[in-house]
Amino acid sequence: MATLLDWDRALENADGSEELLIELAGLFIEECPEMMRQVRAAIDADDAPALQRAAHSLKGSARIFATAPASEAARRLEMIGAAGDLSGAEDGWTALSGEIDRLTAALADKINQQPG
Amino acid sequence: MASQPLTVLLVEDNPLYMRLIQRLLRRAEHPTFDVVTVDTLAAALERLALGGVDVVLLDLMLPDSMALDTFYRVRAQSAATPIIVQSSLDDVSLASKAVEGGAQDYLLKDRINSASLLRSIHYAVERAHARGAEWHSAMFHLAQQQLLKAAYIAGLDDNIRQRLLFPERAQIAALPFKRDQGDQVETVFAYRVQHVLSMGPTKGGIRYHPDVDLGEVAALAMWMTWKCALANLPYGGAKGGVRVDPAALSRAELERLTRRYTSEFIDIIGPDRDVPAPDMGTDAQVMAWIMDTYSQHVGYSVPSVVTGKPIVLGGSLGRNEATGRGLVYLVEQACRHMGFQLDGATAVVQGFGNVGAHTATFLAEGGAKVVAVSDVGTALYNPKGLPIDKLKDHVREHRLLADCPHGEAISNRELLELDCDVLAPCALQNQITAANAGRLNCKILAEGANGPTTLEADEILKERGVFLLPDILANAGGVVVSYFEWVQGLQNLMWPLAEINERMRNILTDAMTRTLRRAEADGLDMRTAAMIEALARVGAANQLRGLFP
């Protein structure tokens, strides 16, 4: 299994600050439902550019936490959106939802481990 | 820029990056930042219209605009404000296109840290300020954009990229010299720029021209670095210039000016430091005066302080015609690559100075039919082929091609668009632009001049399948034989002409083969491939030497 969360790499992305990374993790958990809603809405509306954009945004966010599976799943949907043919989007959505659930759970654990 | 906070317009729709960048900037102490955040293009344009923004940090994928469109619309709103494009690693071509379009720098989102972020902003603002002053130059801008594009594609180390964007050493002198009318003293601006000091001595010509400025000299010095590195010569790039019209000076005035130039810059030139050569407006005689002045200063003859000297003072056989000869060697190789022979091909040469006239001569010797040539005021066309020797006789006698009877006069614009196998621009920079690149009718574009083609034109030519011999490769013959002259001088050993030409051909052929291999392996245009080939050498040298202290 690929590493779900590479905390050391993620720390580098937050300029070495645990505090900042935890803050970003909290923000991700907060924003994630809305970003996922946009991805879902784009698929439902068969709107390829909107899917590309929404998946791109999710991918960028996931990358901060150096999580290969979630950002890869988002990237696949972004490519589907860019190609304009949404026939593979449902499979992509299933994969993405699973990975994002696991990521948010892992991030929530990290936040809860923090003292205070 | 010490205490005044810089206003950063952060255009970003991803809330995590927005927060990340805000936090990183807020922690900065020197300089400090006011961060204004917007998450749509419309809001960004609105904020820019109010003014007072020092730098824009731009995400290209926004809810109301995507990709390059975002960049061009922000740029159009506020052309003078530096823009730093943020991109992720999988949008390589996007960011490099933005850089071509004038973005000051790029940041990889996947690798943002406060040091690289702050430095990128700081330098982008500094560069914008510097451009507004004496560095302001379209040529320098082009040289920097070419470097950024190649650095981006090659993934060049950040530290090295920032070091290479400006020359390591640049000196300016206000240079006084006596006119022939006894009591009159003229003061002109003179420059010597050394771009990279870590490759060995620096090397580059001295240009006397009324349009010379620091930015132009810096661009030419940068191109010399790539040229030397691509040919594997042990030099960094340099260039010198004097803002003066040499045609308006007498021989005695030119001599006084040249000797004064030499003495102003004597501490930074020398056979182990920086070795000048002829360029536009200077020649072997000017090099002789520089050599004499330098030799008087140190007390013994130092022929290797310059190249392009007269033969009797230690000049090299073949140096005078080296750039044109080298260009034609490469054109022959390019023809073979394209599946035809130079013998019987048609050619057009823009420019009839040292490079243009020799290029036309060697093209004709190689069996090509040179159907058109031009100089500063005249373009001549003859579909049956021009008699190059007679044209040279005419120019020897009348200085210019004007009134030469051997062809039909056409415009410079028409000349560039003529149907031909080989087009060799050997005159000035900025000749092939987005405006005319679509109308060129050549198979091979061989750049005898420095910087004749803009980045936008590069893209058009690439799409149209024109084979490009980029300047840093195509006109490197001159510096290669200059290198031979320097080596011969240091050894006090003279080589025969055949050996010189053969060695030059080997060096150029090798450089072209490496460039072609890289272009084909990585799907790059020839200019970017040549730049990356050169950057790899400069980058490796810088890494190995480390940084003092």
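Predicted model: local features only at pLDDT ≥ 70, side-chain atom pairs only at ≥ 80, totals over all residues.
1. Two packed helices are described by the angle between their axes and the distance between the axes. Helix α9(B), which covers residues 251–264, packs with helix α10(B), which covers residues 284–298, at an angle of about 45°, and their axes are 9 Å apart. Angles from 65 to 115 degrees count as roughly perpendicular and those under 35 as roughly parallel, and the two helices are therefore described as oblique to each other. The crossing in which α9(B) passes α10(B) is right-handed.

2. The residues between α9 and α10. On the side of α9(B), the residues in contact are Glu255(B), Thr258(B), Arg259(B), Thr262(B) and Ser263(B), and they meet Val286(B), Trp289(B), Ile290(B), Thr293(B) and Tyr294(B) of α10(B). Sorted by class, this contact has four nonpolar, four polar and two charged residues.

3. The pair α17 and α18 of chain B. Here helix α17(B), residues 477–491, packs with helix α18(B), residues 497–522, at an angle of about 130°, with the axes 10 Å apart. These two helices are therefore also oblique to each other, and their crossing is right-handed. From α17(B), the contact uses Gly477(B), Val480(B), Val481(B) and Phe484(B), while α18(B) brings Ile500(B), Arg503(B), Met504(B), Ile507(B) and Leu508(B). By class, seven nonpolar residues, one polar and one charged make up this contact.

4. The nonpolar core. In soluble globular proteins, nonpolar side chains tend to be buried together. In this model the largest nonpolar core has 201 residues, and those with the most contacts inside it include Ile84(B), Leu330(B), Ala347(B), Leu469(B) and Val480(B). Val480(B) is also one of the residues through which α17(B) meets α18(B). The largest share of the core, 13 residues, comes from helix α8(B), which spans residues 214–230.

5. Around Val422. Val422(B) is another of the residues with the most contacts inside the core. Leaving aside residues up to four places away in sequence, Val422(B) touches Val331(B), Ala345(B), Ala347(B), Ala368(B), Cys442(B), Ile444(B) and Ala446(B).

6. Where the chains meet. In the contact between the two chains, 15 residues of chain A face 17 residues of chain B. On the chain A side, α2 (18–44) and α3 (48–64) each supply at least two residues, and α3(A) gives the most, with seven. By class, this side of chain A has six nonpolar, five polar and four charged residues.

Terms used:
Residues numbered from 1 in each chain as written. Chains lettered and ligands numbered in written order. Axes fitted to C-alpha atoms, helices over the stretch in contact; angles between N-to-C directions. Helix = DSSP H or I, 4+ residues; strand = E, 2+ residues; numbered from the N terminus. Parallel < 35°, antiparallel > 145°, perpendicular 65-115°, else oblique. Left-handed = near helix turned anticlockwise from the far one by under 90°. Contact = placed C-beta atoms within 7 Å. Nonpolar A, V, L, I, M, F, W, Y, C, P; charged D, E, K, R; others polar. Core = buried A, V, L, I, M, F, W, Y, C linked by C-beta atoms within 7 Å. Buried ≥ 20, exposed ≤ 12 C-beta atoms within 10 Å, placed from the backbone.
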